[in-house]
Amino acid sequence: MPGAIYAEGLVKTFGDVRALDGVDLDVPEGTVLGLLGPNGAGKTTAVRCLTTLLTPDSGKATVAGIDVLKHPNEVRRSIGLSGQFAAVDEYLTGRENLQMVGQLYQMKAKEAKERAGELLDRFNLADAADRPSKTYSGGMRRRLDLAAALVVSPPVMFMDEPTTGLDPRNRQGLWEVIQELVAGGTTLLLTTQYLEEADHLAHDICVVDHGRVIARGTSDQLKARTGGERVEVVVHDRGHIATASEVLRGFGKGEVAVAEHTRKMTVPVTGGAKLLAEVIRELDARGIEIDDIGLRRPTLDDVFISLTGHAAELPDAGADAEAEAGADAGPHADAGPHAGPGSGADTGSQRKKEADK
């Protein structure tokens, strides 16, 4: 039985760019799928297709058991969406923005006001609640946008890189909110470039690149594919780099990466803390003074480089293609940034923001 979010063979092109090239997804109810990949990989395009903001060229998809292509309005009533960029009415206060979203979801005025107050406190915006949102910083607008997506608790949520631009405290706060939602039965598709975030929140991860799913599994499984643990050593004397590299090569399970300018060497290993102690003893026996040594798991860049052959930060080719194509979203393009009941009534400026992204 398909999950709460299901896609099969999704294809979407923008001119010569194939933003989605046969994407398959299956997210069981009450779980979090982390959609991981570099900029331009197709993450945002997949979200837009699943939330009715774009019409795929081919393939099929269901959300909350509803066919995305046949019944887009019903899909919108069953989802919440926080897009990649904050989409708030800058002439309304933070409180008014949240109350408006609540009333679009057909909440009573008193209920919407109470919920707005709760979220303003939760996202550390209470002090600025009655200021026009155009006076907010970029991070504050992002938090307000995320709060708007959480005014109600729909059965299915989509969050497109929700913590980009947030400081560590607010990022942690959002993680707690997400965990509470999922504990209550919400299904979430989360796009991110942060492996730490996917590691913390996602039950399963799909890695996408060039519009295709290139790897699936848990965070631990993906890290294992990049060689498991790594020993990092920073030598005190640049003249000891060659000898230290030779030592690490004897313990490692792959090539030693050397950064000459920082005097740091990294090698994939197996054996954990016990092996680290052996490395330290051998370096000491060779008379190599070290400034730092440690055992760590693969980073985001390790995973990306291993799976895609390049680092995470790339030009967002998929988004650029959408912009050049005028965000050709088809007949369902009027679903707003916080899809749900009444979202078809979003202002033209909000739709323009979505198209411009």
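This is a predicted model: local features need pLDDT of at least 70, side-chain atom pairs count only at pLDDT 80 or more; totals for chains, interfaces and linings use all residues.
Trainee: Why is the contact between Lys60 and Glu8 called a salt bridge?
Mentor: The N to O separation of the two side chains is 3.9 Å. The cut-off is within 4 Å, between a side-chain nitrogen of Lys or Arg and a carboxyl oxygen of Asp or Glu, so the pair qualifies. A search of the whole structure finds 15 salt bridges.

Trainee: What makes the pair of Lys60 and Glu8 a tie between separate parts of the chain?
Mentor: Lys60 belongs to strand E4 (residues 58–63) and Glu8 to strand E1 (residues 5–14), so the pair ties together parts that are 52 residues apart in sequence.

Trainee: Why are Lys60 and Glu8 called partly exposed?
Mentor: Lys60 has a relative accessible area of 47%, and Glu8 has one of 35%. Buried means under 20% and exposed means over 50%, so values in between are called partly exposed.

Trainee: How do you know that Arg95 forms a salt bridge with Asp130?
Mentor: Their closest N and O atoms are 2.9 Å apart. The limit is within 4 Å, so the label holds.

Trainee: Which parts of the chain does the pair of Arg95 and Asp130 tie together?
Mentor: Arg95 lies in helix H3 (residues 94–104), while Asp130 lies in the loop between helix H4 (109–122) and helix H5 (138–149), so the parts tied together are 35 residues apart in sequence.

Trainee: What makes Arg18, Asp21 and Arg212 one network?
Mentor: They are joined by salt bridges that share partners.

Trainee: Why is Asp145 called buried?
Mentor: Asp145 has 0% relative accessibility, and buried means under 20%, so the label follows. Asp145 lies in helix H5.

Trainee: What makes the meeting of the Asp145 and Ser82 side chains a polar contact?
Mentor: The contact is 3.0 Å. The cut-off for a pair of N or O atoms is within 3.5 Å, and one must be able to donate a hydrogen and the other to accept it.

Trainee: What makes up the lining of the largest pocket?
Mentor: The lining consists of Arg115, Glu118, Leu119, Arg122, Leu150, Ser153, Val177, Glu180 and Leu181. By kind, the residues divide into four nonpolar, one polar and four charged. The largest share, four residues, comes from H4. The volume of the largest pocket is about 170 Å³.

Trainee: How do you know that the buried residues of helix H9 lie on the same side?
Mentor: In helix H9 (residues 241–251), the buried residues are Ile241, Ala244, Ser245, Val247 and Leu248. They cover an arc of only 160° around the axis, which puts them on the same side of H9. Ala242 and Gly250, on the other side of H9, are exposed. As background, an α-helix has 3.6 residues a turn, so residues three or four places apart point the same way.

Trainee: What is noted about the phi of Gln106, and what about Asn124?
Mentor: Phi of Gln106 is near 70°, a positive value in a residue other than glycine. Asn124 is not a glycine either, and has a positive phi of about 55°. Most residues other than glycine have a negative phi.

Trainee: Where do Gln106 and Asn124 lie, and how exposed are Gln106 and Asn124?
Mentor: Gln106 lies in the loop between H3 and H4 and is exposed, with a relative accessible area of 67%. Asn124 is in the loop between H4 and H5 and, at 34% relative accessibility, counts as partly exposed.

Definitions and conventions
Residues are numbered from 1 along each chain as its sequence is written. Side-chain values use heavy atoms; hydrogens and water are left out. Helices (H or I, at least four residues) and strands (E, at least two) are DSSP runs, numbered from the N terminus. Buried means under 20% relative accessible area, exposed over 50%, partly exposed in between (1.4 Å probe, protein chains only). On a 1 Å grid over the protein atoms alone, a cavity is a set of points where a 1.4 Å probe fits but cannot get out, and a pocket is an open set with protein on both sides within 12 Å along at least five of seven lines; lining residues have an atom within 4 Å of a point. Grid points are joined across faces, edges and corners, and a volume is the space filled by probe spheres set on the points. Ala, Val, Leu, Ile, Met, Phe, Trp, Tyr, Cys and Pro count as nonpolar, Asp, Glu, Lys and Arg as charged, and the others, Gly among them, as polar. The arc is that of the directions from the helix axis to the C-beta atoms.
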